Amino acid sequence: MENMFCFQCQESAGGKGCTRRGVCGKEPRVAALQDMLVWLSKGLGAHVAAVNGTDKPVSREIFELLIDNLFTTITNANFDEQAIADRVRRTVQVRNALPQPETITLPAAALWSRDSDSPSLDAMLEQAPSIGVLSTENEDIRSLRELVTYGLKGLAAYAHHAAVLGAFSEKLEAFLPRALAATLPDGPLGGLGADALTALALESGNMGVEAMALLDKANTSCFGKPQISKVDLGVGERPGILISGHDLRDLEMLLEQTMDSGVDVYTHSEMLPAHAYPAFKKYPHLRGNYGNAWWKQNEEFEAFNGPILMTTNCIIPPRDSYKGRLYTTGAVGWPGCPHIEADDRGHKDFSAIIKQAKGCAAPKALEEGDLTIGFAHDQVLALADKVIEAVNSGAIKKFVVMAGCDGRMKSRQYYADFAKALPGDAVILTAGCAKYKYNKLGLGDINGIPRVLDAGQCNDSYSLVVTALALKDAFGLDDVNKLPIVYNIAWYEQKAVIVLLALLALGVKNIHLGPTLPAFLSPAVARVLVENFGIAGIGTVEDDIRAFFG
């Protein structure tokens, strides 16, 4: 298989789509298997909806299978074709075990491999070209189907993290199978037109808010409410384990198993916000944060010297110099790297990582100093009186939501330059790895309020929503769009898509999205977003500063 088509992330080749090999490193065979996994997940959703009804929660087993399937196909998550093929077979097995609906004609995605619970890899690769993105010929319908699909992938990632902590929502369990089925071209729920798909996109946004609120509650229930905290950026003299990704439960298990082992644990990229949770402060060997955003991991993982545990996206093709020290778990995978599975109780054995770490040199220092984090909604609301006073006095003129993702493209330097160019009376609200473009610039504070308020991971974007709505109420406004807030958001992958849909569903308008608008938005769909929601791209720093601040 030599060709593929994928345009789900911001780095899509030429701003149109990857056709020979993904910019992320994804090979055509892996892309084909991911297409099959998504297609069959939609078919499973359609089958469940036909048997169960469209408004009833699906079983927990099937819901967890669906969210894990979708999470596996997020950008920079899983590159292991064998692991993805195994997921395809598992999906077929679960679907084939369901009772057959007697009066409903199921879509093709729910009928493939009916006579075999273990389809061959060749059979998967043979089927894949006929069901990929380009199988939808109408570009506007294709655009809307993919907008919803990518939003559901992001929703699935948040739901997965909540499920790991034992948190579920019957609303999500009823919605997801129906929504997946509705993006198919056939079947009783599929074949939707543009208006119905647009409505489904906004409904997905509402369900995105539900998923983010669920995860926020799960995290704070398990680990406590984030506290304003300083995080060391230096290194110690002991060997270390570096943990990257977003899964806080994995971090907790690693910390438990490394107690008194002589090994320190360092966070990387999106794991930085873990240092703000009270539950993790009791571990003195949680040494600090090492490095920057995900895309710099080749250099940073090499310099770390010890083993690395990837708990979720974003993994990039590893160098041989550290590939033997790279472990994966959960939805993430790379061929040839050890993958650590959970047992029936959800427990993971990290002893192999710990053993390897003990024989490694201490990490090479990359930088010194510290970062202040922990400005989740509870902490910001605790400062509400101070914030309101600063706004009323004119000390703070505007808040700038600069959340989302970082990435490799040189055009993303815009966000660092934009932050530097902000007026001194502007405060940045951020979440996600986009913050690595400006969280080390030393932007200072306003009357003791830091000018970069870091709410945490992209998983914590809900905090920005809660903060904005609370400020709206505090100022006695009837519309969140009347707040002195501008939105200049960097996107990269599908979790950013569900955050965008969530903001639109909440009525937030005039969001600027960059460094480029999504390749999967057709001109007509992009025009609808511009006309109805004020979505816009970015320009030059000078022009955008002038537009936002006058």
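**View 1. Glu81 and Arg29 form a salt bridge, their closest N and O atoms 2.8 Å apart.** A salt bridge here is a side-chain nitrogen of Lys or Arg within 4 Å of a carboxyl oxygen of Asp or Glu. The pair links distant parts of the chain: Glu81 sits in helix 3 (residues 81-96) and Arg29 in helix 1, 52 residues apart. Glu81 is partly exposed, at 25% relative accessibility. Arg29 is partly exposed too, with a relative accessible area of 30%. Buried means under 20% relative accessible area, exposed means over 50%, and partly exposed lies in between (1.4 Å probe, protein chains only). Helices (H or I, at least four residues) and strands (E, at least two) are DSSP runs, numbered from the N terminus.

This is a predicted model: local features need pLDDT of at least 70, side-chain atom pairs count only at pLDDT 80 or more, and totals for chains, interfaces and linings use all residues. Residues are numbered from 1 along each chain as its sequence is written, and side-chain values use heavy atoms, with hydrogens and water left out.

**View 2. A salt bridge joins Arg87 to Asp68.** The closest N and O atoms are 3.9 Å apart. Arg87 lies in helix 3 and Asp68 in helix 2, so the pair ties together parts that are 19 residues apart in sequence. Arg87 is partly exposed, at 23% relative accessibility. By the salt-bridge rule, the count comes to 24.

**View 3. Helix 8 (residues 248-258) holds both Arg249 and Glu252.** Their side chains meet in a salt bridge, 2.7 Å from N to O. The two residues are three apart, about one turn of the helix. Arg249 is partly exposed, with a relative accessible area of 23%. Glu252 is buried, at 18%. Glu256 is also found in helix 8. Glu256 counts as partly exposed, at 40% relative accessibility. Leaving aside neighbours within four places in sequence, Glu256 is in contact with Arg249 and Tyr283. Contact means heavy atoms within 4.5 Å. Glu256 and Ala303 are 47 residues apart in sequence, and 25 Å apart in space from C-alpha to C-alpha.

**View 4. Glu299, Glu302 and Arg319 are linked in a network of salt bridges.** Side chains of opposite charge can pair when their charged atoms come close.

**View 5. Helix 6 (residues 170-182) is largely enclosed by the rest of the structure, because ten of its 13 residues are buried.** The buried residues include Leu172, Phe175, Leu176 and Leu180. Glu173 is also among them. What covers the buried residues includes helix 1 (28-52), helix 2 (60-72), helix 5 (139-164) and helix 7 (194-223). Helix 6 reaches 19 Å from its first C-alpha to its last, close to the 18 Å expected at 1.5 Å a residue. That expected span is 1.5 Å times one less than the number of residues. Ser169 caps the N-terminal end of helix 6. A side-chain oxygen of Ser169 lies 3.2 Å from the backbone nitrogen of Lys171.

**View 6. An open sheet of six strands has the order 4-3-2-5-6-7, with parallel pairing.** Two strands pair if DSSP finds at least two bridges between them. The edge strands are strand 4 (286-289) and strand 7 (339-340), and each pairs on one side only.

**View 7. Strand 6 (residues 326-329) pairs with strand 7 in the parallel sense, over two bridges.** Thr328 stands opposite His339 in strand 7. Thr329 stands opposite Ile340. Strand 5 (residues 308-310) runs parallel to strand 6, and three bridges join them. Here Met310 has Thr328 as its bridge partner. Leu326 and Thr328 point one way from strand 6, and Tyr327 and Thr329 the other way; all are buried. In a regular strand the side chains alternate between the two faces of the sheet.

**View 8. Strand 9 (residues 398-401) pairs with strand 10 (residues 426-430) in the parallel sense, over four bridges.** Val401 stands opposite Leu429 in strand 10. The chain crosses from strand 9 through helix 14 (residues 413-421) to strand 10, and this β-α-β crossover is right-handed. Right-handed means that, with the strands pointing away from the viewer, the path from the first strand over the helix to the second runs clockwise. Strand 9 also runs parallel to strand 14 (residues 485-490), joined by three bridges. In that pairing, Phe399 stands opposite Ile485.

Conventions
A polar contact is a pair of N or O atoms within 3.5 Å; within protein, one must be able to donate a hydrogen and the other to accept it, and residues adjacent in sequence count only if both atoms are side-chain atoms.
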